[in-house]
Amino acid sequence: MQLTGIIHAHSTYSYDAKLSLSELRDACITRGIQFVCMTEHVDELTKERAAAFVKECESLSDDRFRFIPGFEVPYRRAHILMIGCRSFFKNYAPTMAELTPWVEATSFVVLAHPVRNDFDVDDGLLGAIDALEVWNQQYEGKRVPRTRSLQLLKELRQKKEFLFAIGGVDLHRTEHFGAPLVTLDVHELTESAILEKLKTGAFVVSSSQATFFGTIPNVEELIQKHRFECNLSVSIIVLGKFVNKVLAGLGLSFPKSLKQLVRRRL
C-alpha cells in the first residue's frame, strides 16, 4: 500500500506548537495523511514528559494512522531529528559524545534545516546522520526545496555516498499543513515498515511543483530546475520575517488572519 506522511512535526509536547497529538491525528486523517514522524523539541522536556509523549503516540496509533515518536535535539548550532527514538537523554548535546547516545537509540537521523547552522557539517556530524533535510517548509516554503541545501547534499555525498535527501514540514500549527509530503510503499501500516523505507531511501518527497526520490539520482538537475522558484520563495519568507520583526519592534503585528492566509499558501 502507498502511504502519505509528514516528516518533522511538533505537538503541544513542544514549547512552541499549538496542536495536541489527538488534534494532530484528526487533522491528518481528514487530509489523507496516514503517518507522521514526530520530532518534539527536547529543550524544555523532562524524562517523564518524554515518556508520556511516547506512550501517547502509541495509544493514538492504529490501522488507520501511525505516529512515529522522535525528538529534535540541539547539537552545537545544528538541530538533529531523531526519528523513531523512544529514549530521552538531555535537553542539549553540545558535543558529539553527548549526541552519540541519541544517535544510537534512533532509527533515522536527520540534519534539520541546514540553513540554521550556515550549512556547516563536520565529519563527526556527517557520520551520525542518515539524511539531510534539503527542504524545510518554514525556511523554504511549500513549493520547492532549497537549492543551497541540495548543493550541500552534493558536496557531502563525496564523503558519504548514501546520504539521503528528505523534506520536512516542521509543523507547529494547522496552517502549516501541506508540502513537502513523503510517500512510500509498504505491506502494512506499521512503524517498522515505515522506518525501513526511510532508512533505505525508498521514499518520494513532493509538492505540486517538485518531486524527488530520497536517493536523488541527479542532484544538479534538480538544482537547475528549481533555482529561480527557490530563490523567490526564500526571498518572500525572509522579507516576511524582517517585516514581522520590524512591526514587533514597534509594538505592532500582522493581523492573525492575514498571517494564517500567507502561511497556508506559502
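This is a predicted model: local features need pLDDT of at least 70, side-chain atom pairs count only at pLDDT 80 or more; totals for chains, interfaces and linings use all residues.

Helix 7 itself spans residues 191-199, and its buried residues are E191, A193, I194, L195 and L198. E191 counts as buried because its relative accessibility is 14%, which falls under the 20% cut-off.

## Salt bridges

Side chains of opposite charge can pair when their charged atoms come close. In the whole structure, 12 salt bridges are found, and one of them joins the side chains of R86 and E191, with an N to O distance of 2.7 Å. Because R86 lies in the loop between strand 6 and helix 3 (96-104) while E191 belongs to helix 7, this pair ties together parts that are 105 residues apart in sequence. R86 is partly exposed, at a relative accessible area of 38%. With E220 and K154, the closest N and O atoms of the salt bridge are 2.8 Å apart, and the pair links distant parts of the chain, E220 being in helix 8 and K154 in helix 6 (residues 147-156), 66 residues apart. Shared partners, in turn, join the salt bridges of E58, R86 and E191 into one network.

A further salt bridge is formed by the side chains of R76 and D122 (2.9 Å, N to O). These two residues are 46 residues apart, R76 in the loop between strand 5 (70-75) and strand 6 (78-83), D122 in the loop between strand 7 (108-111) and helix 4 (123-128). Both count as partly exposed, R76 at 46% relative accessibility and D122 at 28%.

## The second largest pocket

The second largest pocket has a volume of about 160 Å³, and its lining consists of T211, F212, F213, I216, P217, N218, E221, L222 and K225. Strand 12 (211-213) and helix 8 are the elements that give two or more residues to this lining. By class, the lining holds five nonpolar, two polar and two charged residues.

## Surface patch and a buried loop residue

F228, L232 and I236 form a nonpolar patch on the surface, and together they have about 330 Å² of accessible area. I236 is found in helix 8 (residues 219-249) and counts as partly exposed, at 43% relative accessibility. An α-helix has 3.6 residues a turn, so residues three or four places apart point the same way.

F177, in the loop between strand 9 (164-168) and strand 10 (181-185), is by contrast buried, with a relative accessible area of 9%. The C-alpha atoms of F177 and D120 are separated by 29 Å, the two residues being 57 residues apart along the chain.

Key. Residues are numbered from 1 along each chain as its sequence is written. Side-chain values use heavy atoms; hydrogens and water are left out. Patches are made of residues with over 30% relative accessible area and no salt bridge: like charges are joined within 9 Å, nonpolar side chains (Val, Leu, Ile, Met, Phe, Trp, Tyr) within 5 Å. Accessible areas come from the Shrake-Rupley method with a 1.4 Å probe; for residues, only the protein chains shown count as cover. A salt bridge is a side-chain nitrogen of Lys or Arg within 4 Å of a carboxyl oxygen of Asp or Glu. Helices (H or I, at least four residues) and strands (E, at least two) are DSSP runs, numbered from the N terminus. Buried means under 20% relative accessible area, exposed over 50%, partly exposed in between (1.4 Å probe, protein chains only). On a 1 Å grid over the protein atoms alone, a cavity is a set of points where a 1.4 Å probe fits but cannot get out, and a pocket is an open set with protein on both sides within 12 Å along at least five of seven lines; lining residues have an atom within 4 Å of a point. Grid points are joined across faces, edges and corners, and a volume is the space filled by probe spheres set on the points. Ala, Val, Leu, Ile, Met, Phe, Trp, Tyr, Cys and Pro count as nonpolar, Asp, Glu, Lys and Arg as charged, and the others, Gly among them, as polar.
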